[in-house]
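Here is a short briefing on one protein model. Please look over the sequence and the fold before reading the notes.

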Amino acid sequence: MTRKFWKRNEPLDHAELARLLPAPSDPRMTPDRQLLFEEHLLNEIRTPAPKATARPVRRALLITVPVTAAALAGVLALGALTPGTGPNGEPASVEAAVVPIEAGSTVQLVSTVQRIATAATKQPTPEPKPGQYIYVKSEVSYQSSSHNADTGEEKTWVQPLHPREIWKSPDGLKGWLDEPGYQDEGGVPLGQDAPGSKPVNGKDIPGKAPSHLSYDWLKAQPTNPDALLKSIYATTGNTRDRDQRAFQEIKSIVNEQLVPARTAAALYRAAAKIPGVVVVENSEDATGRAGLALARVDERYGERTELVFDRTTFAYLGSRGVQVTEYDGVKPGTVTERTAILERAVVDARKTRPTTHGTA
């Protein structure tokens with residue numbers, strides 16, 4: 001390209017200037033990432049947007065707050081990364097993995113869920129006391145994408161696998177999130193302690209209630225799978241695909257919450273009752289632990305969400321997202337997200353870690 005230089009008295013050619021600038025990244029996100037952001041915004045916190053690419057803060061964390069469409073769009077625009085170090089110094093992205101796509105089946109669904117539920121009832125679950133916090137440590141990686149406006153070329157990348165630690169009070173109103181490279185150094189407060197959780201006039205927010213995905217909320221839910229699933233559906237609102245959203249809600253719960261044993265068993269049985277849920281015989285979590293999965297495909301976006309369980313113990317390991325049909329330039333087999341749950345415990349204060357290993 002020949003660069004043109006202008007004299008002071010000549011009009012600027014804005015089209016030529018635009019071609020000299022780097023192509024902007026495409027802020028479009030995968031549906032799973034967008035769902036996670038919605039959960040983060042609507043059910044979790046009033047903090048400023050994370051320092052780097054949006055994380056899966058995908059999990060319904062702490063408190064329900066109203067969010068305008070403009071605010072949501074502003075946060076979603078952070079979802080794209082190009083390869084290399086990000087604008088805020090976050091770690092460089094890496095090329096997304098591609099895996100064989102295995103068809104799911106309902107043939108072994110009932111027996112598999114029965115084994116998973118039985119294992120869940122035997123899992124020791126500590127009881128958090130008032131003033132204590134639920135601690136979850138995980139390894140995570142989520143998808144980003146880039147788009148070259150000049151050539152039309154699109155690339156899909158993922159964050160490098162990195163640690164994530166979260167602390168949540170049993171009522172879901174307080175917490176802390178530490179995700180080096182993707183949050184402010186040292187972490188950020190969640191819930192009513194978050195910087196944006198107070199009104200401008202400084203008065204308390206009236207009508208605070210436990211988050212619908214808090215430990216206290218879960219403990220109060222019925223352990224009958226049908227009744228529990230009804231409660232899960234009630235949290236989804238009037239969404240386009242309530243079945244997919246309900247499955248995503250269950251993933252949010254098992255990824256970053258402490259679930260009472262009987263409730264956990266009912267939760268997995270409830271997941272199996274959602275239309276479209278199948279068993280995938282071969283899956284793995286973010287750290288490469290192999291297992292089988294309860295999975296569901298978002299038919300609109302072609303992405304399959306997999307909840308991965310150990311093949312022998314049937315303990316929950318983590319989650320994986322796989323594109324099964326091409327959508328918006330993301331090729332089939334692309335791993336769009338992966339998590340591995342390393343530890344769950346109850347601690348006495350946020351930002352403190354368990355002195356002994358908890359459960360995973």
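Predicted model: local features only at pLDDT ≥ 70, side-chain atom pairs only at ≥ 80, totals over all residues.

The protein has eight helices and eleven strands. Of its 360 residues, 51% count as buried. Among contacts with a separation of 6 or more, 62% join residues 24 or more positions apart.

**Helix α8**

- Helix α8 covers residues 261-272, twelve residues in total.
- At 1.5 Å a residue, α8 should span 16 Å, and its end C-alpha atoms are 17 Å apart, which agrees.
- Ten of the twelve α8 residues are buried, so the rest of the structure largely encloses this helix.
- The buried residues of α8 are A261, T263, A264, A265, A266, L267, Y268, A270, A271 and A272.

**Helix packing around α6**

- Two packed helices are described by the angle between their axes and the distance between the axes.
- Helix α6 (residues 225-236) and α8 have axes that come within 8 Å and cross at roughly 75°.
- That angle makes α6 roughly perpendicular to α8.
- On the α6 side, the contact is made by P225, L228, L229 and I232. On the α8 side, it is made by T263, A266, L267, R269 and A270.
- The residues of this α6 and α8 contact divide into seven nonpolar, one polar and one charged.
- Helix α7 (residues 242-255) also packs with α6: the axes come within 9 Å and cross at roughly 105°.
- The helices α6 and α7 are therefore roughly perpendicular to each other.
- In this contact, α6 contributes I232, Y233, A234, T235 and T236. They meet R242, D243, R245, A246, E249, I250 and I253 of α7.
- The residues of the α6 and α7 contact divide into six nonpolar, two polar and four charged.
- I232 of α6 takes part in the contact with α8 and in the contact with α7.

**Nonpolar cores**

- In soluble globular proteins, nonpolar side chains tend to be buried together.
- The largest nonpolar core holds 45 residues, and Y268, I274 and F309 touch the most other members.
- Helix α8 supplies the largest share of this core, eight residues.
- Another core, of six residues, lies apart from it and includes Y133, Y135, W167 and W176.
- Leaving aside residues up to four places away in sequence, I274 touches L229, Y233, D243, A246, F247, I250 and R296.

**Buried charged residues in strands**

- R320 is found in strand β10. At 8% relative accessibility, R320 counts as buried.
- Not counting residues up to four places away in sequence, R320 touches V99, N282, S283, E284, R304, T305, E306, V308, V335, E337 and R338.
- E139 sits in strand β2 (residues 133-147). E139 is buried, with a relative accessible area of 17%.
- E139 and T339 are 200 residues apart in sequence, yet their C-alpha atoms are 5.6 Å apart in space.
- With residues up to four places away in sequence left out, E139 touches L161, H162, P163, A286, T287, R338, T339, A340 and L342.
- R338 is on the contact list of R320 and on that of E139.
- D178 is found in strand β5 (residues 174-178). D178 is buried, with a relative accessible area of 13%.
- Beyond residues up to four places away in sequence, D178 touches P163, R164, E165, W167, G186, G187 and R353.
- P163 is listed among the contacts of E139 and among those of D178.

- Most residues other than glycine have a negative phi.
- F314 is not a glycine, but its phi is positive, at about 65°.
- F314 lies in the loop between β9 (303-310) and β10 (316-323).
- F314 is buried, with a relative accessible area of 15%.
- K351 also has a positive phi, near 70°.
- K351 is placed in the segment after β11 (335-347).
- Is K351 buried or partly exposed? At 45% relative accessibility, K351 counts as partly exposed.

Note on methods. Residues numbered from 1 in each chain as written. Heavy atoms only, no water. Helix = DSSP H or I, 4+ residues; strand = E, 2+ residues; numbered from the N terminus. Buried < 20%, exposed > 50% of the residue type's maximum accessible area, 1.4 Å probe, protein only. Expected span 1.5 Å × (residues − 1). Axes fitted to C-alpha atoms, helices over the stretch in contact; angles between N-to-C directions. Parallel < 35°, antiparallel > 145°, perpendicular 65-115°, else oblique. Contact = heavy atoms within 4.5 Å. Nonpolar A, V, L, I, M, F, W, Y, C, P; charged D, E, K, R; others polar. Core = buried A, V, L, I, M, F, W, Y, C linked by side-chain atoms within 4.5 Å.
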